[in-house]
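Please look over the sequence and the structure below.

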Amino acid sequence: MRFRIYRYDPESIGKPRMQDYEIEFDPQGKKVLDALIALKDGLDESLTFRRSCREGVCGSDGVNVNGRNVLACVTPLEGLKQPIEIRPLPRLPVIRDLIVDMAQFYQHYRAVKPYLINLEPEPESERLQSPEERAELDGLWECILCGCCTTSCPSFWWNPERFLGPAALLQGYRFIADSRDQASGERLDFLEDPYRLFRCHGIMNCVEVCPKGLNPTQAIGKIKTLLVKRAL
Amino acid sequence: MIPKRRFDAVIVGGGGAGLRAALQLAEAHLKVALISKVFPTRSHTVSAQGGITAALANVSDDNWHWHMYDTVKGSDYLGDQDAIEFLCRNASSAVYELEHMGLPFSRLDNGKIYQRPFGGQSQNYGGAQAIRTCAAADRTGHALLHTLYQRNIAARTQFFDEFFALDLIRDADGYVLGVTAMEIESGEPWVFEARTTLLATGGACRIFRHSTNAHINTGDGLGMVLRAGLPLEDMEFWQFHPTGIPEVGSLITEAVRGEGGFLVNKLGEKFMANYAPNAKDLASRDVVSRAIAQEIRAGRGCGVHGDYVDLKIEHLGAEKIKARLPGIRELSMQFAGADPITDPIPVTPTAHYMMGGIPSNLHGQVVSPAHYGPEEPVPGLYAAGECACVSVHGANRLGGNSLLDLVVFGRAAGMHMIEYLRENPIPRPLPLAEVEKSMARLARWDRRGGTETVAGLRGEMQRVMQDHCGVYRSEAVLLAGLEKLTLVAARLTDAAIHDHSKHFNTARLEALELENLLPIARATLVSALARTESRGAHSREDHPGRDDKQWLRHSLYFCQNDQLDYKPVKLKPLTVETFQPKERTY
């Protein structure tokens, strides 16, 4: 199989480059991550990428394969056009090869206060929540923070410091939507901002690439609806 | 000069146990550093699926004492009954606490936390199936890990993400005073000085070729403990989960059987009835794994090579599968090419969980034989989660007890660390020679021109462990394995890496991980050879019976000369009567 992989090491002189690799590898049933590991173990130890769970739940190995943001560990090799071109996620600073600096992404996540705020005294047992109320959280809490959505979003590319991006906004809405949370007002105040929220123009790249099948655009739409309702 | 940071507590590992302990300390306004080799939500806790067990009695009549009975029996009586009482007594409050933190549990119609049946659970001490495992769909670990991380953001815990811990810093009096570490991005060494150190580094199933574990599960804390001259407990006990996807290893949760799924062989027979007439598919994991292994051996396995069995859930219907097991459906379609709504999922026993680990007590203190008995605390050192052996899981862990272990003992460790810090306010001088020893170990990988590769040796070790230390074991096979492993380990001195960049050098990281994995594999083989009985997950074909006269005791392995020591199982619980060892059937 043939690969073209983005290489950059801050220590070696020179610009980032694309390196071609060719290895004997049976793609049947295998994923992009399997090939990256085979390349690293067999051909080039210096090829650098993140990985952990290798089953699409930890969100470590978001990369851009043939122009599309994916998780390497759940992306089948079969059917990919060769040479398979693998690049780091777009728009974030590259640390080395396929490893990007996610600091900005995590900062936006922290900014939405991604934790339940409820100042009532805690009851003896669980707080009750009906299955219908709980269903409001489905499609929100499953986010694995891989960054595929945010780094595919043109609005984030233009304003990475100021637009929170789809992942953070999805998490923002996850707590607004939680019947147990009492800080919706405060959360909406923070989001009511021409950049943080309103740079989303419904381009929907995020929905297109989310490896967990989530829909950040819809969640952002719901935040906007709540803001409108509140203003009326 | 190596950069040094000083904290009250340093926590190594950002999974469930480390995050729970960090939260306790941060909320007590102590200075706590959590160092993790991955961003915390990439930790392996995220892969836990089925749930967390606590006798909330939301669905079936239940109480903690029944949970305790099941856990003692499940452990094949090797679990310490004081620790198991502590675990089960604290289970409900630990789960309610997670709910209060915001964990998005699935709900019952009355608004309470959803619970599902899991293997080895009974009402009334061995009676009808209990329904005890609390779940957030089939992504409970994800929900738990993210919730704990989020709470730590609120508590302003100081995170050192992508830092790799190297060695414990221990002074001549035996006090642990922190760790040395490497910042992965820059490749620079650091010293984290702290009066308390908690190891929460998770499991080490990466010693096996096929495992459900993440790539990062390399037992780093265990390697640190062995190098510090401390023992590992019960390393012969590794759980083979009955339902992993063949070759790939991905876990198919026990919740699939809890929700009504069952196993069939190539003849379409529901064979579990032959092995566990009462509990059938919800027998304990060791029992189900042996049953599958026997079906495969008898030529009744499925597929061209007859090397797996089928797990069927079509009869549950698409709606229930999508609501209760969405993650499983996704995994099965991605890695087995089977949509469980219409097709069976191929499964085979796969290395999953380390019951053994760093010997610790109810407060998370690491204990080791010393002057005054077999369980003297190592001052300043704590362990919690899969890397620790309290022992609540004994010879076989019950499903749903692992997430519980993380939060109960993560909290207990955090609480005891707070107490220790109050009683020991003055930092002791840092032994610089220890730091230098650690730096020399790190520098060893700067060497060029070796004949062996890290990936090559790791692969050989994994093959040895897979072939020689699986579901069934015998003296001859284990001995041959130990011989092979000795040869592989000896070649480590000839290994070198070919990437000498300082920045985010994952080749160097993998070399350091291999240095942790190899002694763990050795501890496993040596402990397994010595235990001439079959108990829980340790099945010796040459010693098929359980031998309570000789072996109702924990193994302690020291890496110096492969020395083994033993300590008795604690049969006396904290407040209730002992569950006397009896024959274990399901």
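On a 1 Å grid over the protein atoms alone, a pocket is an open set of points with protein on both sides within 12 Å along at least five of seven lines, a cavity is a set where a 1.4 Å probe fits but cannot get out, and lining residues have an atom within 4 Å of a point. Grid points are joined across faces, edges and corners, and a volume is the space filled by probe spheres set on the points. This is a predicted model, in which local features need pLDDT of at least 70, side-chain atom pairs count only at pLDDT 80 or more, and totals for chains, interfaces and linings use all residues. Residues are numbered from 1 along each chain as its sequence is written, chains are lettered from A and ligands numbered from 1 in the order in which they are written, and side-chain values use heavy atoms, with hydrogens and water left out.

The second largest pocket holds about 850 Å³ of space. Its lining consists of 45 residues, and those nearest its centre are R50(A), Y106(A), F39(B), D161(B) and E162(B). Among the elements that give two or more residues to this lining are α2 (103–111) of chain A and α16 (506–530) of chain B; helices (H or I, at least four residues) and strands (E, at least two) are DSSP runs, numbered from the N terminus. By class, the lining has 24 nonpolar, seven polar and 14 charged residues. Here Ala, Val, Leu, Ile, Met, Phe, Trp, Tyr, Cys and Pro count as nonpolar, Asp, Glu, Lys and Arg as charged, and the others, Gly among them, as polar.

Helix α11 (residues 326–336) of chain B contributes four residues, the most of any element.

In chain B, four strands form an open antiparallel sheet in the order β11-β14-β13-β12; two strands pair if DSSP finds at least two bridges between them. β11 (238–244) and β12 (262–264) of chain B are the edge strands, each pairing on one side only. Five bridges link β11(B) to β14 (residues 345–354) of chain B, and G244(B) stands opposite T348(B) in β14(B).

Elsewhere in chain B, strands β16 (residues 365–370) and β17 (residues 373–383) run antiparallel and are joined by four bridges. The hairpin between β16(B) and β17(B) passes through two residues, and V367(B) has P377(B) as its bridge partner in β17(B).
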